[in-house]
Amino acid sequence: MKTLELPQTDLTASDVVVGLMRINDMSDEDIRALYRASRDAGVTMFDHAAVYGGWHGCEERFGSAVTLSPAERAEIVLQTKVGIRPTSNGAYFDFSYEHIIESVHESLTALQTDHIDVLLLHRPDALVEPEEVAKAFDELHAAGKVHHFGVSNHTPGQVDLLRRSVRQPLAFNQVQLSITHANVIAQGVTANMGGLDQSIDRDNDILNHSRSNDITLQAWSPFQKGFFDGVFLGDREHYAELNDVLEELAAAHGVTPTGIAVAWITRHPAHFQVVLGTTNPQRVRDSAAGSDVVLSREEWYRVFTAAGHTVP
């Protein structure tokens, strides 16, 4: 498992992150098995959000199931997200000072820890007042309750607006990325090509803005076809050629197609972290093995085009 020295922080972490949004209905034993398999595979970073599993539900399940000694707590990076508030009619976003402070305190209690290593703003709040975010971040940082900060699904303009007020580095941006949902990368390959859907800039160039500003990009839903449309792995009805190439490269590198799907993301020089959503320990092991595979340029572009992306 490769590790990354994460820019703008004092953290070193695995480039595969285990996301825990689906553990709410798992038994304590199964949660512990997932955690142990992750650690044995080299994973050192675990991703939560206040909204996962109901209000702090998955954080509570993790905190109650996994007992961390002080030494082991120091070896891992706990990340959580704030800002989505569920209601009976759906949800809304809230980056107010009061909500950020309240939610973080609730996360600390649920996770049974005295600090959060990384706190992300979970999707943009159209009503954001950066001064309120800055006030909350200053208070949490000064108290030692949150060590590092970032965002999720934010455009460069939204990040820059926050940076005018927030004093701490915004060191992370978690964005959706998989081989088949790859506009964050694919758009730049066909820039300035009229009439081609791939050429449409849907995110104001998150990729190069992040690279230029030392912001670590985290790829969520790394195996999804689209926005929670199911996985492309094994989907021969829609992605036969892609699965053929993944299986060929998996055999060549001694890993599984899952591993190659991870390797395709981690090969990019932006040094993405890959955030898994699986609760399957074997899928974690397969993903971790892919972290050690370095695809050649030719192999990387073979996967890219087999997924349906255009190389001019």
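# Stops on a packing tour

Select Asp205 to start: with a relative accessible area of 29%, Asp205 is partly exposed. That label covers the range between buried, under 20% relative accessible area, and exposed, over 50%, using a 1.4 Å probe and protein chains only. Before moving on, note that this is a predicted model, where local features need pLDDT of at least 70 and side-chain atom pairs count only at pLDDT 80 or more, while totals for chains, interfaces and linings use all residues. Numbering runs from 1 along each chain as its sequence is written, and side-chain values use heavy atoms, with hydrogens and water left out.

**Two aspartates with positive phi**

Stay on Asp205 and check its backbone: phi is near 65°, positive in a residue other than glycine. Most residues other than glycine have a negative phi. Asp205 sits in the loop between H7 and helix H8 (206-212). Helices here (H or I, at least four residues) and strands (E, at least two) are DSSP runs numbered from the N terminus.

Now hop to Asp214, in the loop between H8 and strand S11 (216-220). Its phi is near 55°, again a positive value in a non-glycine residue. Asp214 is partly exposed, at 46% relative accessible area.

**A buried aspartate**

Next, select Asp47 in strand S4 (residues 45-47). Is Asp47 buried or exposed? Asp47 counts as buried because its relative accessibility is 2%. Show its surroundings: leaving out residues up to four places away in sequence, Asp47 touches Val17, Val18, Gly19, Leu20, Tyr52, Gln79, Lys81, Gln174 and Val275. Contact means heavy atoms within 4.5 Å.

**The nonpolar cores**

Select Leu177, Ile179, Leu242, Trp264 and Phe272 together. These are the residues with the most contacts inside the largest nonpolar core, which has 58 residues. A nonpolar core is a set of buried Ala, Val, Leu, Ile, Met, Phe, Trp, Tyr and Cys residues joined through side-chain atoms within 4.5 Å. Zoom in on Leu242: setting aside neighbours within four places in sequence, Leu242 contacts Ile179, Thr180, Phe232, Val303, Ala306 and Ala307. A second, separate core has 23 residues, including Ile101, Ile116, Ala134 and Val159.

**H4 against H5**

Color helix H4 (residues 97-111) and helix H5 (residues 130-142): their axes come within 8 Å and cross at roughly 30°. Axes are lines fitted to C-alpha atoms, for helices over the stretch in contact, and angles run from 0 to 180 degrees between N-to-C directions. H4 and H5 are therefore roughly parallel to each other: angles under 35 degrees count as roughly parallel, over 145 as roughly antiparallel, 65 to 115 as roughly perpendicular, and the rest as oblique. H4 passes H5 in a right-handed crossing, so called if the near helix is turned clockwise from the far one by less than a right angle, with anticlockwise being left-handed. Ala, Val, Leu, Ile, Met, Phe, Trp, Tyr, Cys and Pro count as nonpolar, Asp, Glu, Lys and Arg as charged, and the others, Gly among them, as polar.

**H12 and its cover**

Over to helix H12 (residues 297-306), whose buried residues are Glu299, Trp300, Val303, Phe304 and Ala306. The cover over them includes helix H7 (183-189), helix H9 (236-253) and H10. H9 and H12 pack at about 155°, axes 8 Å apart, which makes H9 roughly antiparallel to H12. Their crossing is left-handed. H9 brings Glu241, Leu242, Val245, Leu246, Glu248, Leu249 and His253, and H12 brings Glu299, Arg302, Val303 and Ala306. By class that is 6 nonpolar, 1 polar and 4 charged. After H12, click Gly308, with a positive phi near 105°.

**Last stop: H10**

Which part of helix H10 (residues 257-266) is covered? Most of H10: 9 of its 10 residues are buried. The axes of H10 and helix H11 (residues 281-291) come within 7 Å and cross at roughly 45°; H10 and H11 are therefore oblique to each other. Thr258, Gly259, Val262, Ala263 and Thr266 of H10 meet Arg283, Asp286, Ser287, Gly290 and Ser291 of H11. The class count is 2 nonpolar, 6 polar and 2 charged.
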